[in-house]
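Subject: Structure handover and notes

Dear colleague,

I am passing on the structure we talked about, with the sequence alongside.

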Amino acid sequence: MNRIMECVPNFSEGRDLQKIDQIVAPFRARAGVKLLDYSNDEDHNRLVVTVVGEPEPLREAVIEAIGVAVELIDLNHHQGQHPRMGAVDVVPFIPIKGVTMEEAIALSREVGEEVARRYQLPVFLYEKSATAPHRENLAAIRKGEFEGMAEKIHQPEWHPDYGPAERHPTAGTVAIGARMPLVAYNINLSTPSLEIAHDIAKKIRFIGGGLRYCKAMGVELKDRGITQVSINMTDYTRTALYRAFELVRIEARRYGVSIVGSEIIGLVPMEALIDTASYYLGLENFSMQQVLEARIME
């Protein structure tokens, strides 16, 4: 592929493996498209897919997968720890190679318009594709979630960019846009207290006076009897992963809580991990040019 666009659609299904397989199917064995990864979380009840491709075949694969999710997922019966407003909750496009952010924005708008036309699904454009400043932040659009969107969508400031100004009865609404690469990073805590996880998340996220380019929320992992701080690092080049890890450790200490592990959801740029490894190893004057795989791929 000479022109590579990445897409990381999030679907509100993390438990039914048959449905998950059907949603992922449009990305398999398709010319011009490569399925890199998909992971489902039962506690979050969410599926995250990472796929790359040439813009046109990627466009068709994403539209098809959205249609499958709209048909299979009924949010009236959906429960999970992760906030959601749609069967397909969010669809970001990320320029990787030979494509620009402007092209990613254009592609997101094409997909949004077609999804609204084909499936009668209300579409909000967000991040770089947003049509108004108050729509840039996904959390602001999603506030109220599926249940609250029934009334919210009727407010003039929250009319969708495409599609009917009426929440889809089973599939809700979807946010589609273009953005920089994001790292989904979760830090697990040695406590079942969701209140503690929420408090720590509030302190580390930017909107609460914490780290720039960091979004966070507390999540309960009932099966393991613990909680986690679920984090989106929206620009890892400016706010490193190790800063989030260490700040969570500092804030957890006041509650007598420790970190018991962390996880990356989906794929992560090599630079994000090398930066963190360099910090903890105390490497001096280290650069990506010293990474064997990076040099091979030049």
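Predicted model: local features only at pLDDT ≥ 70, side-chain atom pairs only at ≥ 80, totals over all residues.

Helix pairs

Helix α2 (55-72) packs with helix α3, which spans residues 101-119, at an angle of about 35 degrees, and their axes are 10 Å apart. The crossing of these two helices, α2 and α3, is right-handed. On the α2 side the contact is made by Pro55, Arg59, Glu60, Val62, Ile63, Glu64, Ile66 and Gly67, while α3 brings Leu107, Glu110, Val111, Glu114, Val115, Arg118 and Tyr119 to it. Sorted by class, the contact of α2 with α3 holds eight nonpolar residues, one polar residue and six charged ones.

A further pair is formed by helix α6 (residues 194-204) and helix α7 (residues 241-253), whose axes come within 10 Å and cross at roughly 130 degrees. An angle counts as roughly antiparallel over 145 degrees and as roughly perpendicular from 65 to 115, and α6 and α7 are therefore oblique to each other. Their crossing, that of α6 and α7, is right-handed. Ile200, Lys203 and Ile204 of α6 meet Leu247, Val248, Glu251 and Ala252 of α7 in this contact, and the residues of the contact of α6 with α7 divide into five nonpolar, two charged and no polar ones.

Buried faces of two helices

In helix α1, which covers residues 17-24, the buried residues are Ile20, Ile23 and Val24. These residues lie on the same side of α1, because they cover an arc of only 95 degrees around the axis. Among the elements that cover the buried residues of α1 are β2 (10-11), β3, β4 (46-53) and α2.

Single residues

Thr173 sits in the loop between α5 and β7 (174-178), and because its relative accessibility is 0%, Thr173 counts as buried.

Asn40 belongs to strand β3, residues 33-41, and its relative accessibility of 32% is why Asn40 counts as partly exposed. With residues up to four places away in sequence again left out, Asn40 touches Gly14, Leu17, Ile20, Arg46 and Leu47, and Ile20 is one of the buried residues of α1. The C-alpha atoms of Asn40 and Asn10 are separated by 9.7 Å, although these residues are 30 residues apart along the chain.

Glu127, in strand β6, has a phi near 50 degrees, a positive value in a residue other than glycine, and with a relative accessible area of 24% Glu127 is partly exposed. Asn285, in the loop between α8 (270-281) and α9 (292-296), has a positive phi as well, near 55 degrees, and Asn285 is exposed, with a relative accessible area of 76%.

Conventions:
Residues numbered from 1 in each chain as written. Heavy atoms only, no water. Axes fitted to C-alpha atoms, helices over the stretch in contact; angles between N-to-C directions. Helix = DSSP H or I, 4+ residues; strand = E, 2+ residues; numbered from the N terminus. Parallel < 35°, antiparallel > 145°, perpendicular 65-115°, else oblique. Left-handed = near helix turned anticlockwise from the far one by under 90°. Contact = heavy atoms within 4.5 Å. Nonpolar A, V, L, I, M, F, W, Y, C, P; charged D, E, K, R; others polar. Buried < 20%, exposed > 50% of the residue type's maximum accessible area, 1.4 Å probe, protein only. Arc of directions from axis to C-beta.
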